[in-house]
Amino acid sequence: MPVRVTESSTPSQVSGTNSGDTSPPACTLLSVGQTFSGTQNVSSLQKEEAWRVNVRIQGCDLEHGYLCGTMEALNVPMADTPVVTFWEGEIVDTKNYTFYTGKWEASPEDDKRHWTKFPSFSPLLSQVEVDGGKSLDLSNYPYIFMRWKEQYFVNVGTDCGLTIAGFYYVCFSCNDGSISGFYYDPNSSPFQKLELKSTKEGRSGYSFSSYELQ
């Protein structure tokens, strides 16, 4: 949820052939109730700035490549309160979703520019360029790639000075539960980086029940 503007180690081997079961690995750190904390860099050419961010997973359906949750941005300069949004995610499992977004104003070139920001994506690039990664078997890959799209503001109005027009390219590590992401919106500063760590205890700085969802 950036400001509205006008202008690793080598992963394990990936099979080059889709063996049928393409569901991502079952990660205990990517489950309902799990929380993550970190920062989002919202720096622009004019200034350096980062916000503290908390994320909570509210739903996760690996079979259908779906998850959802809330994102809370703290210390947002133009807001009197932490800004909470509800987001829905697509898990790139090559069955339900591929590495090519196909919407939200993202071209295949935009996709590749963002996915290649993740070192763990490098072994997959050549096959993704061929078919979007449809023939890859990611079931034993130690990283899960996703797209998170914020759907609405939970506790503030749309006049809060922030935008949710774009979406996040996300990479989740099954080894330590860390999350890195890059925000894409043609009308926002490019490559705003999201960095989160699992809180492990399943709690963060806010309670989901404290906010009324639409």
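**View 1. Accessible surface of the protein chain.** The protein chain exposes about 9,800 Å², of which carbon and sulfur atoms supply 49%. The model is predicted. Of the 214 residues in the protein chain, 51% are buried. The chain contains two helices and eight strands. Read from the N terminus, these elements follow the order β-β-β-β-α-α-β-β-β-β.

**View 2. The closed barrel.** Eight strands form a closed barrel in the order β1-β2-β3-β4-β5-β6-β7-β8, and their pairing is antiparallel. On average, neighbouring strands of this sheet are turned by 30° against each other, with direction ignored. Strands of a sheet pair through backbone hydrogen bonds, in either a parallel or an antiparallel manner.

**View 3. Pairing of β6 with β7.** β6 and β7 run antiparallel and are joined by six bridges. V170 stands opposite G181 in β7. Helix α1 packs on the sheet, where it touches β5, β6 and β7. The direction of α1 makes about 40° with that of β6.

**View 4. Buried residues of helix α1.** Helix α1 spans residues 108-115, and its buried residues are D110, D111, K112, H114 and W115. An α-helix has 3.6 residues a turn, so residues three or four places apart point the same way.

View 5. D110 and W115 are among the buried residues of α1 shown here.

Methods
Residues numbered from 1 in each chain as written. Predicted model: local features only at pLDDT ≥ 70, side-chain atom pairs only at ≥ 80, totals over all residues. Heavy atoms only, no water. Buried < 20%, exposed > 50% of the residue type's maximum accessible area, 1.4 Å probe, protein only. Helix = DSSP H or I, 4+ residues; strand = E, 2+ residues; numbered from the N terminus. Areas by Shrake-Rupley, 256 points an atom, 1.4 Å probe, with all protein chains shown as cover. Pairing = 2+ DSSP bridges. Axes fitted to C-alpha atoms, helices over the stretch in contact; angles between N-to-C directions. Contact = heavy atoms within 4.5 Å.
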